[in-house]
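Please look over the sequence and the model together before reading on.

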Amino acid sequence: YISTLGHSASAWLAMALDMHPNITCYHGIRCSPDDPNCKEIDGGDFLGLLQKKAGDNHFVGSVHGYTGNHIEPKIKNAGGQFANCIRNPIFRISSVYQHHYNKAMDAHELDYRAKFEKIIAYFLANNKLIVETLKKEGLLRGSSIDGSPGIDGLSYTDLCFMWSVMYVTYYDFYTAQSENHVYRMEDYTQKPEVFTDLFTLITKGQITLDAQYLNKVFNIGKVNTHRKNIQSDIAEFQQWTDNHQKM
């Protein structure tokens, strides 16, 4: 099991691993892969389903879904392997913010808007002191400032960004302190030797990773959609609004 918040090429990683004939790798699910209704289940039950699908020379796993290290003991007790993935926090904050904000504001995503509103309301209720501090500093603006909807008179634009900042930095700081194997997106998506190390870890070195497979992973098709000419993290940061930079 490879844990990540997402927004760290987790879909690419799952797809790349699943391309190997001796590996089945799922992405971002919390349900039985065979359940058409995808009813969410406990992490331990999910692990049991993966175990049933594994064979003597076939590895089964998943990337992203049950975020954090709480599933790790169950993985290790069952003889499995566990790893974490992180990403440059500036790029991850931007990606998380843009994804959730844009989706919540999409007129065709009303169900997601309702879910998003619950997330932000819960976030506000549990971070009152920080919210009040940022309001006093003028960093959380009124909902009328950009015409977007809001809650408690505050703009979803700023609240979603604040949530993204705290969500990403807390998780990645916690993960970086872990004794688990931690892999950086910037490495495993660009350096075959790092991808090879991760591959060797999760398969316990029982599968020989050949050059043909590696070449396929790094050069063919949709697995490379994450690749684009990205600027530096400093340049990305400077594109944020002033109040978001101050946050």
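## The second largest pocket

On a 1 Å grid over the protein atoms alone, a pocket is an open set of points with protein on both sides within 12 Å along at least five of seven lines, and its lining residues have an atom within 4 Å of a point. Grid points are joined across faces, edges and corners, and a volume is the space filled by probe spheres set on the points. The second largest pocket has a volume of about 490 Å³. This is a predicted model, in which local features need pLDDT of at least 70 and side-chain atom pairs count only at pLDDT 80 or more, while totals for chains, interfaces and linings use all residues. Residues are numbered from 1 along each chain as its sequence is written, and side-chain values use heavy atoms, with hydrogens and water left out.

The lining of the second largest pocket is made of 26 residues, and those nearest its centre are Phe59, Val60, Gly80, Gln81 and Ile202. Two or more lining residues come from each of β2 (23-27), α2 (43-53) and β3 (59-63), where helices (H or I, at least four residues) and strands (E, at least two) are DSSP runs numbered from the N terminus. The largest share, 5 residues, is given by β3.

## Strand β4 and its partners

Strands pair if DSSP finds at least two bridges between them. β4 pairs in the parallel sense with β1 (residues 2-3) over 2 bridges, and Ala83 of β4 is the bridge partner of Ile2. β4 also pairs in the parallel sense with β7 (residues 181-184), over 4 bridges, and here Cys85 has Tyr183 as its bridge partner.

From β4, Ala83 and Cys85 point one way, whereas Asn84 and Ile86 point the other way, and all are buried (under 20% relative accessible area, with exposed over 50% and partly exposed in between, for a 1.4 Å probe and protein chains only).

## Two asparagines in loops

Asn88 lies in the loop between β4 (83-86) and α4 (89-105), and it counts as buried because its relative accessibility is 18%. Leaving aside neighbours within four places in sequence, Asn88 is in contact (heavy atoms within 4.5 Å) with Glu186 and Asp233.

Asn127 lies in the loop between α5 (110-125) and α6 (128-136), and Asn127 is buried, with a relative accessible area of 16%. A polar atom of the Asn127 side chain lies 2.8 Å from the backbone oxygen of Phe123.

Key: 1 Å grid on protein atoms, 1.4 Å probe; cavity = no way out; pocket = protein on both sides within 12 Å on 5 of 7 lines; lining within 4 Å. Polar contact = N/O pair within 3.5 Å; in protein donor to acceptor, adjacent residues only side chain to side chain.
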